[in-house]
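Keep the 3D view open as you read.

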Amino acid sequence: MTAAQSSGHPNPSHPPNSSVNPLPARPTRGKRPPPGNDEGHRINPTAGLKITVWPDRARNSYFFTSLGRYAGVMSTETLMQGIGNNVATFRRASGITQVGLASLIGKSVDWVSGVERGRLHAERLTDLINIATVLQCRVEDLLGRPIDSLVPGTNPRSEAVDAVREVMMRAAVPTPASSPKPPATLDEIGNRVAQAWTTWHTSPTAHSALGRILPDLLTDANTAYHGAEDRRRAARIVSGTNQITRQWLHHLPEGDLAWVAAERAMHTAREADDPHLIALGAWALSASYRRAGQQQEATRLCLSAADELKKRLDANPGDANLIADYGMLHLAASISSAQSNEEGRAWALHRIADEAARSLGARYDPWTMFGKGNVDIHGLAISAELGRPDAVVDYAARLDIDNVPSVERRARVLIDTARGHVQRKNDEAAALTLLDAEKISSDEVHDSTLVRELLRELLHRDHARARAHVRGLAQRSGLIAG
């Protein structure tokens with residue numbers, strides 16, 4: 001049994017007569033220079049900031065236009081005026097002129113003036129991060145309140161999350177099973193992990209299904225690990241179990257707990273010395289870093305892991321699992337680069353992932369779903385993160401997602417497409433696109449913070465042609481009463 005199989009991860013052979021093209025040199029800079037100071041130094045968007053785990057996809061360009069409206073405390077205009085006053089106050093305290101601030105963050109003087117007067121809003125969270133970095137303050141100081149408080153709502157799967165949290169808290173000393181049946185073997189647990197990933201990618205109600213099985217799966221994996229003679233193999237099992245747990249938590253979203261699961265997955269992958277699981281651990285941790293606003297660190301983590309993996313690939317260039325891992329790490333790095341406004345670098349990293357995917361033919365990784373279709377989906381996500389709604393809608397029109405063997409991935413690309421329609425104020429198209437996503441994966445739509453924010457925006461605008469669709473979606477998502 002291979003290391004991948006013993007962790008519950010299938011290890012299909014490399015497609016016959018396929019080979020890996022030489023991997024191009026990794027880009028170090030984008031075509032468009034990121035915001036920097038007059039000496040050309042790049043601004044680190046997170047330097048000096050107090051990091052908060054932000055809600056799912058909080059960097060969307062519609063984010064600040066809808067926050068105040070639904071925070072239940074102030075209107076959009078009041079929120080914008082408050083942010084503008086705070087920006088002006090901290091700018092003056094720093095001794096920086098509007099011209100200087102505009103130059104340092106890569107904006108026009110008219111834009112800075114408009115924001116300070118409450119006439120314009122900062123369309124992307126990255127804008128406020130860059131302002132806060134230059135003015136040596138926190139994003140919360142500019143907003144006048146914690147970021148998390150601006151997105152109301154509770155996790156609809158709190159009972160399942162509480163059960164998983166309890167098991168994770170007791171992982172160091174697992175509670176003995178009360179059942180008289182013998183403890184699960186490592187083989188049995190590995191098969192259950194593989195089945196959990198299959199459920200994740202094939203079931204439209206995967207969030208509910210995994211919520212029912214993960215507490216027992218975690219308990220059995222931790223118990224087997226502590227009692228195992230083959231600790232490396234047991235570590236692989238625990239790493240795989242924490243990987244699927246992290247995936248589930250990340251999509252609810254439960255950012256803090258997902259981060260804990262990701263760190264445990266990486267720790268046990270290192271203990272097992274399993275290159276495949278180590279790469280997956282870096283992929284998982286990078287998602288937590290992105291959610292925490294640490295895009296630069298997310299990129300660094302993925303590319304460092306890819307460099308480590310490249311050494312093994314040079315020795316074994318036909319290993320399909322490692323090729324998929326290498327490409328997947330570059331995909332994750334492309335997203336965090338896009339969120340850092342490094343457009344050229346994001347697309348260059350995406351091209352490296354695309355070459356890796358094409359070398360694998362029709363193969364998809366059973367956990368990460370790395371493959372040609374998923375690379376295309378990430379291309380749309382890059383445009384969305386860069387705040388290019390026209391590019392998103394155009395890209396979506398040319399995208400064939402039917403062959404991607406993951407309901408989560410297919411639903412995700414439709415949600416991003418709906419975001420583009422909302423930004424273009426094409427509300428009926430946005431609502432119909434969300435309905436298509438709901439047909440693919442109802443859980444992915446109903447549990448998404450991004451979808452809730454889109455629906456709040458659509459409810460506020462209340463376009464007649466979209467009204468019935470929007471209200472139905474909002475009811476099913478628990479946003480409004482039925």
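## A serine between two helices

Let us begin with Ser340, which is found in the loop between helix 15 and helix 16. Is Ser340 buried or exposed? Its relative accessible area is 6%, under the 20% cut-off, so Ser340 counts as buried. Leaving aside residues up to four places away in sequence, Ser340 touches Gln295 and Gln296.

## The chain as a whole

Please bear in mind that this is a predicted model. The secondary structure of the chain amounts to 23 helices and zero strands. Of its 482 residues, 59% count as buried. Contacts that reach along the sequence are well represented: among those between residues at least 6 apart, 73% join residues at least 24 apart.

How much confidence does the predictor place in the chain? The mean pLDDT is 81, and 78% of the residues reach 70 or more. Over residues 28-74, however, the pLDDT is below 50, and this stretch has 143 contacts in the model beyond near neighbours in sequence. Residues 1-5 also stay under 50, with 12 contacts beyond four places in sequence. Where pLDDT is low, the predicted coordinates should not be read in detail.

Helix 17 covers residues 372-385.

How many residues of helix 17 are buried? The count is 12 of the 14, so helix 17 is largely enclosed by the rest of the structure. Among the buried residues are Gly373, Asn374, Val375, His378 and Glu385. The buried residues of helix 17 pack against helix 15 (320-339), helix 16 (343-359), helix 18 (389-397) and helix 19 (407-423). Just after helix 17 comes Gly387, with a positive phi of about 75°.

## Helix 4 and its buried side

Which residues of helix 4 (residues 98-105) are buried? They are Leu101, Ala102, Leu104 and Ile105. These residues cover an arc of only 165° around the axis, so they lie on the same side of helix 4. Just after helix 4, Gly106 takes a positive phi of about 75°.

## Two aromatic pairs

A search of the whole structure turns up two aromatic pairs. One brings together Trp197 and Trp367: the ring centres are 5.3 Å apart and the planes are at 15°, so this pair is stacked. Trp197 belongs to helix 9 (residues 186-202), while Trp367 lies in the loop between helix 16 and helix 17, so the pair ties together parts that are 170 residues apart in sequence. Trp197 and Trp367 are both buried.

The other pair is Trp259 with Tyr289, whose ring centres are 5.0 Å apart. Their planes are at 70°, so this pair is edge-to-face. Trp259 sits in helix 12 (residues 255-272) and Tyr289 in helix 13, so the pair ties together parts that are 30 residues apart in sequence. Trp259 is buried, as is Tyr289.

With a relative accessible area of 16%, Arg290 is under the 20% cut-off, so it counts as buried. Arg290 and Ser336 are 46 residues apart in sequence, yet their C-alpha atoms are 6.5 Å apart in space.

Arg170 is placed in the loop between helix 8 (158-169) and helix 9. Its relative accessible area is 43%, so Arg170 is described as partly exposed. From Arg170 to Asn222 the separation is 52 residues in sequence and 9.2 Å in space, C-alpha to C-alpha.

Two further arginines sit over aromatic rings. Arg231 lies over the face of Tyr225, at 4.3 Å from the ring centre. Over the ring of Tyr395 sits the charged end of Arg398, 5.6 Å from the centre of that ring.

Key. Residues are numbered from 1 along each chain as its sequence is written. This is a predicted model: local features need pLDDT of at least 70, side-chain atom pairs count only at pLDDT 80 or more; totals for chains, interfaces and linings use all residues. Side-chain values use heavy atoms; hydrogens and water are left out. Buried means under 20% relative accessible area, exposed over 50%, partly exposed in between (1.4 Å probe, protein chains only). Helices (H or I, at least four residues) and strands (E, at least two) are DSSP runs, numbered from the N terminus. The expected span of a helix is 1.5 Å times one less than its number of residues. Contact means heavy atoms within 4.5 Å. The arc is that of the directions from the helix axis to the C-beta atoms. pLDDT is the predictor's confidence in each residue, from 0 to 100. Rings of Phe, Tyr and Trp (its six-membered ring) pair if their centres lie within 6.5 Å; planes under 30 degrees apart count as stacked, over 60 as edge-to-face and the rest as tilted. A charge sits over a ring if NZ of Lys or CZ of Arg is within 6 Å of the ring centre and within 35 degrees of the ring normal.
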